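Student: I have a new structure open. Can you walk me through it?
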Amino acid sequence: MKTLKPCRPLLALAGLAFTVAMPARAADLTVTAFGGVWEKSLRTCYVEPFQKKTGKTVDVVLGTPAQWVNQVAANPAKPPIDVFLTLIDGAEDAKARGLVEKIDPAKVSNLADVPEPLKQVVGGDAVVLHYGAAGLAYNEAKIKNPPKSWAEFIERTLKGEWQAALPGINVASTTPTAVIWNFNDVLGGKVGDISPVIAKMKALRDSGNVIFWNDVNQFLTQMQSGEADIGIYWDGRAWAARDGGFKSLNFYYPAPGGVVSPTVVQKVKNGSPAAWEFIDFLFSSEPQSCWAAAIQYPVASTKAQYKPEQKARMPKLEDVRWPPFAEIPAAMPKWVETWNKDIGR
Amino acid sequence: MTATASWRRLERRLPILLLLAFVLIFFAFLLAPIVFVVLVSFGDSEIIAFPVTSYSLRWYHRLLEYRPLLDSLWFSLKLAGASAVLAALFGVPAALALARSRSGLADLVSTVLLAPLSIPMILLGIALLYKLSAIGLGISFTSLLIAHTVVSIPYVVRTVVAVYRGIGRNYEEAAAILGASRRQTFTYVTLPLIGSGIFSGMLFAVLISLDNLSLSLFFGSAQTNTLPVVMLSYLQNQFDPAIAAIGTVQMIIALVALLLIERTVGLKFMSSPS
Amino acid sequence: MTAAAATAIRRSRRALGAGLWPVLPAMIFLLLFFLLPLAENGLQSLYVPDAAGEPVFSLDYYVRLFTDGYYLGVLGRTIWVSLLATIICILIGYPVAFFMVRHAGRWNGLMIFLLVAPLLTSIIMRTFGWNVILARNGVLNSTLMSLGLIERPLRLLQDPSAVIIGLVHVLVPFMVISIAAVLKGIDTRLEEAAELLGASRWRTFREITLPLSLDGIATGAIVVFMLANGSFLTMLLLGGGSVVTLPLLIYQQFLLVQNLGFAAAMGNVLLVLAVISLFLQLRLIRRDGGAS
């Protein structure tokens, strides 16, 4: 290796880089989280009190559902994650790939305080930790008389009363439920036949009164820059933006109701048995109250306490609509292809 | 001085002035969107919005307070540096051999060495996650390093080949005639001549690694969090100027690093020796 | 030439690249960690779930990609967008690289910094920046309107032009640096000699500088074309979905549909296409700009 000789110091350096110990699992338990406020509150509301109570250590891994599911699928015998805190489409994927266990009420006694519908998601392979719902966010400075129902929203957008911002097909966990299923349902369609929503979306696109967003934060930019006046958005994010200084942004659930998006908990197969203890702790009332106050979403436990101003904004469980989450994954290939070909946004 | 003489001088200078104007417009285009990002990072508002009404350093405080952003930046820098060095170790010898080879195999080998450029990172990430997990490397720094090195090799190979072929054989042959050993020739003649190629190849490798969400995503864990993954996760639920602030910090680090390289190595990588 | 000198030259030629063995470490590394995993993953594209959800051998995904007009259109658009971005990057990048190498002097380091700075901010933030500039009532439209150049705001976002602007913005630094690296190696005495012999500047550039720097343009073109070919976030965020390319569909299959088989099929098509164009391009460079 004559030509390599002058590189010897570099070789040594690279060797060093290679030997940097591959970290063995550092903690007793690994759970998933989204970054920022979520992770911070997960630590203060759940992880730290749990560690204090049990003496077990917990690692929090940041990222996104598709990442976590594949990481476990690649290492099924020794999963790098023990508890998924994930969105419902990620949870359905994990179930379909056989990566998670049924939630066992005997091991999670605090489930007694969780309403029945929240325990029956993902065929019993998950429990809802908290939920939000999609509705309409609009700029009060521009729109005085917002549409009462989803149908009215569609018709008045077609008439050109405002510029609307809708999520494009690539916004996972949003478009399939809040747009495709929601509009289709309002227009009288079924999961197996989305031609009603596709026809309307085509008309909306061609009207020139709709722009699309493809990243959850892009919606806020579009609203602030005046590209859009109203659009489909999530309650928690909309309120956070208003409280954060976007004073003219308002939010509500048009009739017949908002579209729910639950965040769920799953126990990974072959993961640490301590996961059950942690999941049980997740649903005890004190941490749930702490979590609700931190992330501003309604939580699962009926014993959780809320501040009055939060209570006023919160969607009631009976007011939100539940898309058929279990049926959607099977329909997705066709939905996506149809949308791509006919709407292409 | 006659009118024709000054006209001639202007004529002589005009191309350079036009070129200068073009370059200035170019940088205005390049920096235009970034200026707003930097401005917003010094804003006082809870959300990212423009125009910025009042200024503060609160988002830089936030970076100190919310550690994952800075921690993962540091981790990403180490990873980017290590993969660029590894890529250079694999890539430079290969490039030198390829640049002067008359073998019919050379095109084929070049194609293979450049091929990692042409596959969408998501697919490479998935493929490597399952492969490296199967051989027991799993989700680790080593796995990340391997993945990032795979995509860095093409940059080093390509830039070094191009530069090495451009400089011709004369210098090395002169050194050989003057009695320099192969090693001396390489260290004192070849290496300095291809410096701009190695520098730009490694620079590309670092830039691609720092921004490589699709590949890093699959190897993220509590111990191996890269900045793009943490940012993506952070942006899932909030849109505040902390993300603008971390970008600004990255730019400052790049500025300091480039200045240090210039001062210590003393190499003007991209300008003609005159 | 003395016999000793001739031996020395032969020796140096042999040492510096007559054999291809120095490519072995890199080849073995890529064989293990690129070709093998990718081949294993690529096999998935040959198995399509049947009615019961069991994977069975089938060429269905490929048949769909090559017979369905929609997918052929996407394929064509992918190549077209990358090609357009590459050409614009060459046209914009060359003068900048030339200025940087020949005239920037001590501003050289600063120029490199300015080139890489945009690449160090997250795509989400860059998109925000473009939004401030290109929106209906954004900086650009209001400036143009106050200057009286336009009467109504131009629609610049959510449009293919925004995608091209965004792609060129992040890829042109790669072009500039690739060209500059090669320009730096060119012996300026060649140009001086040409000018002394009475060639005009333009002729010197066209007949000496440009041919010698072709390898740099080729490097930049390969890097820019391949990076454009693989990017989907710019299409997604700046184009608002108005430009759909193959990597975007791969991302969809991964994220929305979780169909890795179809994603792998599209990836293989993209890979084969890219590798063929790579091979042809390398052949071309060797013949034209080739070794001096």
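Tutor: Here is a short tour, chain by chain and contact by contact.

Student: What should I know before I start?

Tutor: This is a predicted model, where local features need pLDDT of at least 70, side-chain atom pairs count only at pLDDT 80 or more, and totals for chains, interfaces and linings use all residues. Residues are numbered from 1 along each chain as its sequence is written, chains are lettered from A and ligands numbered from 1 in the order in which they are written, and side-chain values use heavy atoms, with hydrogens and water left out.

Student: Okay. What does UniProt place at residues 75-281 of chain C?

Tutor: The unreviewed UniProt entry puts "domain: ABC transmembrane type-1" there. UniProt positions are in the numbering used here, feature names are shortened, and annotations may be inferred rather than shown by experiment.

Student: How much of that span is helix, and how much strand?

Tutor: It is 78% helix and 0% strand. The C-alpha atoms at the ends of residues 75-281 of chain C are 20 Å apart. Helices (H or I, at least four residues) and strands (E, at least two) are DSSP runs, numbered from the N terminus.

Student: And which residues of chain B get that domain label?

Tutor: In chain B, the UniProt annotation "domain: ABC transmembrane type-1" (unreviewed entry) covers residues 73-261. That span is 78% helix and 0% strand, with its end C-alpha atoms 20 Å apart.

Student: Where does UniProt put the "transmembrane region" feature in chain B?

Tutor: The unreviewed entry lists residues 16-42, 73-96, 108-130, 136-164, 185-210 and 242-261 of chain B. Take residues 108-130 of chain B: 74% helix, 0% strand, and 28 Å between the end C-alpha atoms. Residues 136-164 of chain B are 83% helix and 0% strand, with 39 Å between the end C-alpha atoms.

Student: Now the interfaces. How many residues of chain C are in contact with chain B?

Tutor: 106 residues of chain C touch 105 residues of chain B. Contact means heavy atoms within 4.5 Å.

Student: What area do chain C and chain B bury between them?

Tutor: About 9900 Å², 76% of it on carbon and sulfur atoms. Buried area is the accessible area (1.4 Å probe) that two parts lose on being put together, summed over both.

Student: How many salt bridges are there between chain C and chain B?

Tutor: The count is 3. A salt bridge is a side-chain nitrogen of Lys or Arg within 4 Å of a carboxyl oxygen of Asp or Glu. B:Lys131 and C:Glu40 make a salt bridge through their side chains, at 3.0 Å from N to O.

Student: What classes of residue are on chain C's side?

Tutor: The side of chain C that touches chain B has 72 nonpolar, 19 polar and 15 charged residues. Here Ala, Val, Leu, Ile, Met, Phe, Trp, Tyr, Cys and Pro count as nonpolar, Asp, Glu, Lys and Arg as charged, and the others, Gly among them, as polar.

Student: What about chain A against chain C? How many residues touch?

Tutor: 31 residues of chain A are in contact with 31 residues of chain C. The two chains bury about 2800 Å² between them, 53% of it on carbon and sulfur atoms. A:Asn170, A:Glu227 and A:Asn340 supply 20% of the area that chain A buries against chain C, more than any other three residues.

Student: How many salt bridges are there between chain A and chain C?

Tutor: There are 2. A:Glu337 forms a salt bridge with C:Arg64, with the closest N and O atoms 3.2 Å apart.

Student: Which elements of chain A give two or more residues to that side?

Tutor: They are α3 (65-74), β7, α9 (218-224) and α14 (328-342) of chain A. α14(A) gives the most, with 6 residues. By class, the side of chain A that touches chain C has 11 nonpolar, 13 polar and 7 charged residues.

Student: Switching to single residues. Where is B:Leu217?

Tutor: B:Leu217 is in the loop between α10 (213-216) and α11 (227-235) of chain B.

Student: Is B:Leu217 buried or exposed?

Tutor: B:Leu217 counts as buried because its relative accessible area is 9%. Buried means under 20% relative accessible area, exposed over 50%, partly exposed in between (1.4 Å probe, protein chains only).

Student: What is B:Leu217 in contact with?

Tutor: Leaving aside neighbours within four places in sequence, B:Leu217 contacts A:Thr64, A:Gln67, A:Gln71, B:Val229 and B:Leu232.

Student: Last one. Which residues of helix α6 in chain A are buried?

Tutor: In α6(A), residues 150-159, the buried ones are A:Trp150, A:Phe153, A:Ile154, A:Arg156 and A:Thr157. Just after α6(A), A:Gly160 has a positive phi of about 90°.
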